[in-house]
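Where does a protein model leave open space, and which residues surround that space?

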Amino acid sequence: MLNHKNSNNIFNKTFLSIVLVFAVANVNAQQLKTAVQVAVDTNQASAAAQVRIDTLSNQTDNLTSEYRNLLNQIESLRAYNNQLENVVNDQREQITAINLEMTTLEQTNRAVVPMIIEMIDSLGQLVKADIPFKLEDRENRIMDLEKMLSNSDVTTAEQYRKVTEAYSIELDYGSSVEAYTGNLPSGKQVDFLRVGRTTLVYQTLNQEVSGWWNPVKNDFETLDRKFNSEIKEAIRIAQKQASPNLAGLPVMGAETAGGQ
């Protein structure tokens, strides 16, 4: 039999072994738990890192796409700017040409406008010196031309066109025959017959009295009744109511009125 002291030693060793076993087991369990936690944390960190990587990848793709779009826009803007620059340069050339034309036009206007004014004045003097046929219409035409000169909306070219048109009308009077109804200075309404710019005769509407414009006396005079039929026929011919035949119409002169 073991003595008491030996028994105590054996017990102590056995207990110590058990304690050591539990201690080791406890340490191993703690290490395992720590290792598991580390693995879990690592996996979570890896997952979070992957999320960040995916996010960064998407952001990189988006930035790359935006960068390419910006490059395309820059290229388009360059092409547009080049085209716009060409347009601006063309407009500058046009402006330069227009300014040159305006300068030339201004110089031309300084020469043409006085000529137009002189032409209108001369036309007015012509009407005053001429036999007084359609006097109101012709004087109104000249007044319209004079008003036109102060109208800024009418270009110099248009002014010149209208003046030359008025001259053309006056020139046509010299080679035409015309019958029309008008008033004598007394206000009496009569039928007039104009033969060019040389003869102006009239006849009352009842065809009983005839007369003519005496350029020497610068006034209308009554003619002998013997001219009534010829004047009547001439008026009908001018009005296209009879065949042309002016042989019976005398060429008036100052001596004609003297036979009254």
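## Basis

This is a predicted model, in which local features need pLDDT of at least 70 and side-chain atom pairs count only at pLDDT 80 or more, while totals for chains, interfaces and linings use all residues. Residues are numbered from 1 along each chain as its sequence is written, and side-chain values use heavy atoms, with hydrogens and water left out.

Rolling a probe the size of a water molecule over the atoms shows where empty space is left. On a 1 Å grid over the protein atoms alone, a pocket is an open set of points where a 1.4 Å probe fits, with protein on both sides within 12 Å along at least five of seven lines; lining residues have an atom within 4 Å of a point. Points are joined across faces, edges and corners, and a volume is the space filled by probe spheres set on them.

## The largest pocket

The largest pocket has a volume of about 290 Å³. Its lining has 13 residues, and K134, L135, E136, G182 and N183 lie nearest the centre.

Helices (DSSP runs of H or I, at least four residues) and strands (E, at least two) are numbered from the N terminus. At least two lining residues come from each of α2 (135-149) and β1 (177-183). The largest share, four residues, belongs to β1. By class, the lining has seven nonpolar (Ala, Val, Leu, Ile, Met, Phe, Trp, Tyr, Cys and Pro), three charged (Asp, Glu, Lys and Arg) and three polar residues (the others, Gly among them).

## The second largest pocket

The second largest pocket has a volume of about 210 Å³. Of its 15 lining residues, G124, Q125, K128, E139 and I142 lie nearest the centre. Two or more lining residues come from each of α1 (4-129) and α2.

The largest share of this lining, six residues, is from α1. Its classes are seven nonpolar, five charged and three polar residues.
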